[in-house]
Amino acid sequence: MASHRSPRRTPLPGQSWPARVTVLSAAAAGAAAALSPAAPAGAEPGAGKPAAKSLNARIDRLYEQAEVATEKYNGVAERAGKLRKQVTNAQDAVARGQSEVNELRNSLGGLAGAQYRSGGIDPTLRLLLTEDPDGFLDKAATVDRIGTRQMLKLRQLRAAQHDLEQRRDEAAGKLARLDSLQKTLKREKKSVQRKLAAAQRLVNKLSADERAARERAARHGHRGEAPEDGLPAGGGGKASSARAASAVAAVKSAVGRPYAWGAAGPYSFDCSGLTQWAYKQAGTAIPRTSQAQRSAGRQVPLGQARPGDLVVYRDDASHVGMYVGGGQVVHAPYPGAKVRYDPVGMMPISAVTRP
């Protein structure tokens, strides 16, 4: 390449070489400043788009917090669902009790009327005056029986009224607890939504390449680590039972369906909703939350994991997937992702549970 040399210049009269260099450097700096985009007013030096590493750390933290809140929401929702059924049953019991009280009252009213109509004359005098003593004695015996039945009905009425009051109190108490749980659900829902919205805003700041790198890291472990307890790459070939095999088939059938917090299938899932749904398809009930699923069976070492086992992640057990063999789990990862296969060691493992 040809070189282009500037012609030599002599210093201006009375100006030394160092002074001339200083002047030229200042001029060059001024020109560079003029060509550079101006920083926003009030911006600190170096202020700009945060580093992708810092953004990813904040996104991970928000997703973890949202998952903890989601599992808390799921637990409250499960309790509220059970309580809602109890409230319905209690209200039905109140309605039945009220119907029983009404029938007893009507019956007592009829018996009282019959007794009144048969009374008013001393039974001995009526016996002397009657043209049909035998008939009178039959009627008198009937009146006596009516009196006895009336007392029995009265005792039944009092017992039914007492029972009805107890049922009303029980129903009212359950309704109050349900109302409290529903308010808690609203708070937890808002908490999850705030964290997910904050995470999404940070994700939007990542470039396409940074998002792709984030996805690769999420699918292969944030620290790039292999399962640290020596699980063979193709380990745990056969399911531990027929129902575990059925659960594995179900969870595999859900691959590709979207994550949705608080969802338990069949068209979308959160992490514990997916595993609960899969076992439900196998005719087995397991708890709704990942924390409860950690204790929903016998815990085994990861090195002995078999298809159908639940792999619970993080110390707080805030995430769960199902081991399907070959060193992989199927799980519902986070909002915006779909149910998928990932390495079993994608994040720190809390426990492996065999339902």
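**Fold.** I read the pattern along the chain as α-α-α-α-α-α-α-α-β-β-β-β-β-β. That comes to 8 helices and 6 strands. Helices here are DSSP runs of H or I with at least four residues, strands are E runs of at least two, and numbering starts from the N terminus.

**Ground rules.** I am working with a predicted model, where local features need pLDDT of at least 70 and side-chain atom pairs count only at pLDDT 80 or more, while totals for chains, interfaces and linings use all residues. Residues are numbered from 1 along each chain as its sequence is written, and side-chain values use heavy atoms, with hydrogens and water left out.

**Whole chain.** I looked up burial: 34% of the 355 residues count as buried. Buried means under 20% relative accessible area, exposed over 50%, and partly exposed in between, using a 1.4 Å probe and protein chains only. I also checked contacts (heavy atoms within 4.5 Å). Among those between residues at least 6 apart in sequence, 71% join residues at least 24 apart.

**H6 against H7.** I took helix H6 (residues 242-253) and helix H7 (residues 271-281) next; they pack at about 125°, with axes 7 Å apart. H6 is therefore oblique to H7. Axes are lines fitted to C-alpha atoms over the stretch in contact, and angles run from 0 to 180 degrees between N-to-C directions. Under 35 degrees counts as roughly parallel, over 145 as roughly antiparallel, 65 to 115 as roughly perpendicular, and the rest as oblique.

Which residues of H6 and H7 make the contact? On H6 I list Arg243, Ala244, Ala247, Ala250, Val251 and Ser253; on H7, Leu274, Trp277, Ala278, Tyr279 and Gln281. By class, I get 8 nonpolar, 2 polar and 1 charged residues. Nonpolar covers Ala, Val, Leu, Ile, Met, Phe, Trp, Tyr, Cys and Pro; charged covers Asp, Glu, Lys and Arg; the others, Gly among them, are polar.

**H7 itself.** H7 is largely enclosed by the rest of the structure, because 9 of its 11 residues are buried. The buried ones are Cys271, Ser272, Gly273, Leu274, Thr275, Gln276, Trp277, Ala278 and Tyr279. Just after H7, I noted that glycine 283 has a positive phi of about 80°.

**Glutamate 188.** Is glutamate 188 buried or exposed? It counts as buried, because its relative accessibility is 10%. I place glutamate 188 in helix H4 (residues 133-205). Leaving out residues up to four places away in sequence, glutamate 188 touches Ala69, Lys72 and Tyr73.
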